[in-house]
Amino acid sequence: MNIDLTLYLVTDTRMCAERGVLTTVTEAVRGGVTAVQLRDSDASVRGLCAIAAALVDRLAGTGVPLLVNDRLDVALAAGAQGVHLGQSDLPVESARAIAGPAFLIGLSVSTAQEVSNVARLAAGTVDYLGVGPVFPTPTKPQAAPAVGLDGLAELRRSAALPCIAIGGINKDNAGAVRATGVEGLAVVSAICASDDPAGAATLLAGIR
């Protein structure tokens, strides 16, 4: 399955607040988001399944895929199009064996060694890489140290797969991040915490 990584929204339930994840995603997609990752580490498995299934229904016909952070079981149960895994999650080889070839699998990387490890995998194991954090970010305090723009550019050059940049990306630095050669931007607060998710998405999608 192909994925347009241009503007990749990672949800944050607390930042979406009373507006809610479903409405935030709907508005953001209207504004130009091209892929959505559902991330909510505080939700129960049942709750995560419920919102994932609702998002699958809401995104039907838009061409925008839904990926679930960390939880392959939830992604498959809800009918999502993919999963995004971290370095300490289910191994991507196992995820691919379970989910099959048409399922989207993304993997977070933050070091040259992690990028090198991906290169040793069988072709088709991973579809894209999430590289970062580029800048320090409060949305994921347990993340690896920030790689910065120079580090991002270096990791992008060494990666054979499409890459999205993540971590502290907003309208003020999006142009510099895109200039490193990444295929897309992954954003959280820049859209989820905005009073106008559609407008924020349109602005970010238009930055080159």
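**Charged pairs and a buried serine**

R96 is buried, with a relative accessible area of 11%. The cut-off for buried is under 20%, so R96 falls on that side. This is a predicted model. R96 forms a salt bridge with D127, and their closest N and O atoms are 2.9 Å apart. The pair links distant parts of the chain. R96 sits in helix α5 (residues 92-99), while D127 lies in the loop between α6 and β6 (128-131), 31 residues apart. D127 counts as partly exposed, at 22% relative accessibility.

Side chains of opposite charge can pair when their charged atoms come close. How many salt bridges does the structure hold? There are 5. Another one of them joins D42 to R14, with 3.1 Å between the closest N and O atoms. D42 lies in the loop between β2 (35-38) and α3 (45-59), and R14 belongs to helix α1 (residues 13-16), so this pair ties together parts that are 28 residues apart in sequence. Both D42 and R14 are exposed.

R71 and D73 also meet in a salt bridge through their side chains, at 2.7 Å from N to O. R71 is partly exposed, with a relative accessible area of 32%. D73 is partly exposed as well, at 39%.

Now turn to S110. Is S110 buried or exposed? Its relative accessibility is 16%, so S110 counts as buried. S110 lies in the loop between β5 (104-109) and α6 (112-119). Which residues does S110 contact, leaving aside its neighbours within four places in sequence? They are G132, A144, V147 and L155.

How values were computed. Residues are numbered from 1 along each chain as its sequence is written. This is a predicted model: local features need pLDDT of at least 70, side-chain atom pairs count only at pLDDT 80 or more; totals for chains, interfaces and linings use all residues. Side-chain values use heavy atoms; hydrogens and water are left out. Helices (H or I, at least four residues) and strands (E, at least two) are DSSP runs, numbered from the N terminus. Buried means under 20% relative accessible area, exposed over 50%, partly exposed in between (1.4 Å probe, protein chains only). Contact means heavy atoms within 4.5 Å. A salt bridge is a side-chain nitrogen of Lys or Arg within 4 Å of a carboxyl oxygen of Asp or Glu.
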